[in-house]
Amino acid sequence: MGHEYVGWVEEASSEVTAVKPGQFVVGSCATSDNTCADCRNGFQSNCLNRE
Ligand SMILES: [Zn+2]
């Protein structure tokens, strides 16, 4: 934790299933795909496709 942002989800399209409006969220300053081996094992900060 260090440079993450926080906020409330205001709206989301019908394709978004991980969060919903009104939910409090914490986001990383780096993106992860949530599909690679590291992400699937719960280590999104080590994502192989991190940007
Ligand atoms: Zn990943």
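Of the 51 residues in the protein, buried residues make up 0%. A residue is termed buried if 20 or more other C-beta atoms lie within 10 Å of its own, exposed if 12 or fewer do, and partly exposed in between, with C-beta atoms placed from the backbone. The C-alpha atoms fill a box of roughly 30 × 25 × 15 Å, taken along the principal axes.

This is a predicted model, in which local features need pLDDT of at least 70 and side-chain atom pairs count only at pLDDT 80 or more, while totals for chains, interfaces and linings use all residues. Residues are numbered from 1 along each chain as its sequence is written.

## Elements and confidence

The protein contains one helix and two strands, and from the N terminus on these elements run β-β-α. Helices (H or I, at least four residues) and strands (E, at least two) are DSSP runs, numbered from the N terminus.

The predictor's confidence in each residue is given by pLDDT, from 0 to 100. The mean pLDDT of the protein is 91, and 98% of its residues reach 70 or more. Confidence is lowest in S2, at a mean of 90, and highest in H1, at 95.

## The loop between the strands

Val9 is placed in the loop between strand S1 (5-8) and strand S2 (24-27). Val9 counts as partly exposed because 14 C-beta neighbours lie inside 10 Å.

Two residues are in contact if their C-beta atoms, placed from the backbone, lie within 7 Å. Not counting residues up to four places away in sequence, Val9 touches Val19, Lys20, Pro21, Gly22, Gln23 and Val25. Between Val9 and Pro21 the sequence separation is 12 residues, and their C-alpha atoms are 4.8 Å apart in space. Across the protein, residues 24 or more positions apart account for 7% of the contacts with a separation of 6 or more.

Asn34 lies in the loop between S2 and H1. Asn34 is exposed, because 12 other C-beta atoms lie within 10 Å. The phi of Asn34 is near 60°, a positive value in a residue other than glycine. Most residues other than glycine have a negative phi.

Cys36 is also found in the loop between S2 and helix H1 (37-40). With 16 C-beta neighbours inside 10 Å, Cys36 is classed as partly exposed. Leaving aside residues up to four places away in sequence, Cys36 touches Cys47, Leu48 and Asn49. Cys36 and Asn46, which are 10 residues apart in sequence, have C-alpha atoms 9.7 Å apart in space.
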